[in-house]
Amino acid sequence: MRALILAGGKGTRLRPLTVYTPKPVVPVLNRPFLTYQLDLLRKAGITDVTLSLSYQPDKIEDVLGDGSDFGVKLNFVTEPSALGTAGAVRFAIEGASEPVLVLNGDILTDLDLSTMVQAHTDRKDQITIALTRVEDPTKYGLVAMNSDGSIESFIEKPKDGTFDGSPNTINAGIYILEPSAFDLIPKGANSSFEYDVFPKALEQGLAFSGYVLDDNYWQDIGTPESYLSAHLDILSGKAGFALGDRTDSTETSPTAYIENSIIGEGCVIKPNAKIIDSVLGPGVHVEEKVVIENSVLWAHTRVSSFAKIRGSVVGKGCHVGKDAELRAGSVLGDKAMIPDYSVV
Ligand code: GTP
């Protein structure tokens, strides 16, 4: 089976981080995000991977190259203009005669994809969609299944007060489509799986099932909050991804305190700085008595003495001034300057 990763969205919800770095290659634990998906595909024996691109395609190609560093063969297809999730698939697989496994390029999961492929094959489905359970179903569009695992309906975001909490399953952004389902997607037009293709598949009675990720970690990284959560889940061990080297070659003062954090290559950490449950990209400078907690800092950012950064995401090459404070939920785009003593 071949795979296609949808990696052409503008990633507006993750702005300002995605202004210069497209979402598919934002760093997660200092690795370009899509490399986690390439690992999953390779482990499932799927090495023929198409990346469907539209927004800043060159940056993605530059980072991932031909895929050989990640044990896969990458093929890039760039749309003339954004075609939406389903339109992009149709454009990229035109003429294909084998099934395709489609991944949204912004979900982090430890699912063994081969188990989903097996379930799809055993059931002889035309479409299988992965579903994940959420704690608060009132925030999402939901997917209801029949008792035999087939898809019953797609339900708009339920209104508070009129909903009994069931179903609690949402689209997890992983699909398998047989060639017999490709014609549901109009050629050359903008269309989406969620709003166009899946409802049409139900209407036309295609063999269409859900595959629930009950035992797997799943998180989308499409907003600053969820991007930060993915990091904290990996650092805490909730998500089962190898952390690799926690501290690359750095210049760290013996009086600095570092706990459960990843420190990128070439970072400088000055005396009495505290770094807890955080990720620092390469070349970050941390001055004396800085506190960084539950945060992600991208490469080459400088944090001046006594500054405090908590629950924040800081882009590339930022400058956080002396004794400044970034409170939980702050998100800085690349090259942002926070003046001394400011509170954000
Ligand atoms: P937002 O602007 O924040 O909603 O993000 P997004 O543009 O990435 O949209 P969304 O999160 O709905 O997209 C889900 C996945 O589909 C992401 O991996 C996107 O890269 C991808 N995607 C969305 N629209 C397109 C498109 O028109 N073309 C291609 N090739 N991929 C798309």
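Residues are numbered from 1 along each chain as its sequence is written, and side-chain values use heavy atoms, with hydrogens and water left out. In this predicted model, local features need pLDDT of at least 70 and side-chain atom pairs count only at pLDDT 80 or more, whereas totals for chains, interfaces and linings use all residues.

**Exercise 1.** Characterise the phi angles of D277 and D323, and state where each residue lies.

*Solution.* Step 1: most residues other than glycine have a negative phi. Step 2: D277, although not a glycine, has a positive phi of about 50 degrees. This residue D277 sits in the loop between β18 (274-276) and β19 (279-280). Its relative accessible area of 24% makes D277 partly exposed (buried is under 20%, exposed over 50%, partly exposed in between; 1.4 Å probe, protein chains only). Step 3: D323 is likewise not a glycine and has a positive phi of about 60 degrees. The loop between β26 (319-320) and β27 (325-326) contains D323, and a relative accessibility of 32% places D323 in the partly exposed class.

**Exercise 2.** Describe the interface between domain 1 and domain 2.

*Solution.* Step 1: the chain divides into domain 1 (2-236) and domain 2 (251-338), with bounds from an automatic or database domain assignment. Step 2: 15 residues of domain 1 are in contact (heavy atoms within 4.5 Å) with 23 residues of domain 2. Step 3: the two domains bury about 1,400 Å² between them, 73% of it from carbon and sulfur atoms; buried area is the accessible area (1.4 Å probe) that two parts lose on being put together, summed over both. L17, N30 and L235 supply 38% of the area that domain 1 buries against domain 2, more than any other three residues. Step 4: helix α7 (residues 224-236) gives the largest share of the side of domain 1 that touches domain 2, namely 7 residues.

Terms used. Helix = DSSP H or I, 4+ residues; strand = E, 2+ residues; numbered from the N terminus.
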